[in-house]
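Please keep the sequence and the structure in view while reading.

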Amino acid sequence: MTTMNQTVDRTNETADGEYAAEHTPRLSWAELAPDVYRAMIRLDAAARQGLDARLLELVRIRASQINRCAFCLDLHTKDALAAGESVERIVQLSAWQESRHFYTERELAALELTEAVTVLTDGFVPDEVYERAARHFEEAELTRLIAAITVINAWNRFGVATRRVPGHYQPGSHA
Amino acid sequence: MSARTTHLDDEVRAAMQALSAAAKRGLGDPRLAELVQVRASQINRCAFCLDLHLELARRYGVPERQLDLLAAWEEAGPDVFDERERAALALAEAVTVLAGGTSRTKSGGGFVPDEVYEEAARHFDEAQLAHLVGVVTAINSWNRLMVSRRIPPGSTEW
């Protein structure tokens, strides 16, 4: 069964045939663990204090690409666009090393830090990555950026583990 | 090693503590919570977190033999880790290693496979599962906060 998307013009047929059926989420984790969900909302609000909305969305999209959270990509690309982000900068994000001129040095330092903090399994957070970020973000800002990267990683884990369904997010409806 | 910040916003720390506490309370199994927290901290190589959670695991009475063999739990066999523990550890590993598609991901993980999820769902009810995912997610978050700032094991400043 195909559920029609309300926010994107997506018919369920293309020249190559019908789209695959939409899956259902595994678990309504927020309802099952409301105290955990409330703590996540509180953590999210604390971590993004004072960080620029467009920078924050770039970081969230890149982490969600790496962790392959479909629901989070749906949400954060729509919020990025709603915050005035360009399609080009979103499209180029997964190849930012090769499209550096789309981004500021500050954004590049944040993206590099995002990758290192997201992928701990292959090499900690290298000094050069940390130091580059520390040149562009003063201490309190840097720790909030680290917290923001940590928090999107946490949402990614809930999203992927419970297989939340992308495609239905309305921009701006996330708290 | 060059110096890194030990700063963390009080509200971020408090919210993180609320997250961990809520997840552990809902799971209702402190020993199992410590097992998965030690395992995630091994995978993410968080020295501070390993130090802390190994101590807590011992305090809660997790057997030394389990802690010794935790990094190789799959090979250790069912007489060391029972089916429920194995299901929880498999889920913890899958939820911890999501990353793929960067120069840093030599051995990519990827999603949470159906067989891993379904095996966990055989041993835990839905509310326990949601909280177990919460425990794994919370320790992953602590791992990131501690590794990025390179907080030394045993430090009281974090």
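For helices, an axis is a line fitted to the C-alpha atoms over the stretch in contact, and the angle between two axes is taken between their N-to-C directions, on a scale from 0 to 180 degrees. The model to which this is applied here is a predicted one.

In chain B, helix α6(B), residues 83-96, and helix α8(B) have axes that come within 10 Å and cross at roughly 45 degrees. Angles under 35 degrees count as roughly parallel and those from 65 to 115 as roughly perpendicular; α6(B) and α8(B) are therefore oblique to each other. Their crossing is right-handed. On the side of α6(B), the contact is made by B:Ala88, B:Leu91, B:Ala92, B:Val95 and B:Thr96, while α8(B) brings B:Leu132, B:Val133, B:Val136, B:Thr137 and B:Asn140. Of the residues in this contact, 7 are nonpolar and 3 are polar, with no charged residue among them.

Helix α8(B) also has a part in the contact between the chains. That contact takes 46 residues from chain A and 49 residues from chain B. On the side of chain B that touches chain A, the elements giving two or more residues are α1 (10-27) and α8 (126-148) of chain B. The most is given by α8(B), with 16 residues.

The segment after α8 of chain B holds B:Arg150. Phi of this residue is near 50 degrees, a positive value in a residue other than glycine. Is B:Arg150 buried or partly exposed? A residue is buried if 20 or more other C-beta atoms lie within 10 Å of its own, and exposed if there are 12 or fewer; B:Arg150 has 19 C-beta neighbours inside 10 Å, and therefore counts as partly exposed.

A:Arg163 is found in the segment after α8 (139-161) of chain A. A:Arg163 is not a glycine, yet has a positive phi of about 50 degrees. With 18 other C-beta atoms within 10 Å, A:Arg163 is partly exposed.

Chain A also carries an annotation from a record. An unreviewed UniProt entry gives "domain: Carboxymuconolactone decarboxylase-like" for residues 34-115 of chain A. In the model, this span is 71% helix and 0% strand, and its end C-alpha atoms lie 30 Å apart.

Terms used:
Residues are numbered from 1 along each chain as its sequence is written. Chains are lettered from A and ligands numbered from 1 in the order in which they are written. This is a predicted model: local features need pLDDT of at least 70, side-chain atom pairs count only at pLDDT 80 or more; totals for chains, interfaces and linings use all residues. Two residues are in contact if their C-beta atoms, placed from the backbone, lie within 7 Å. Helices (H or I, at least four residues) and strands (E, at least two) are DSSP runs, numbered from the N terminus. Angles under 35 degrees count as roughly parallel, over 145 as roughly antiparallel, 65 to 115 as roughly perpendicular and the rest as oblique. A crossing is left-handed if the near helix is turned anticlockwise from the far one by less than a right angle, and right-handed if clockwise. Ala, Val, Leu, Ile, Met, Phe, Trp, Tyr, Cys and Pro count as nonpolar, Asp, Glu, Lys and Arg as charged, and the others, Gly among them, as polar. UniProt positions are given in the numbering used here, feature names are shortened, and annotations may be inferred rather than shown by experiment.
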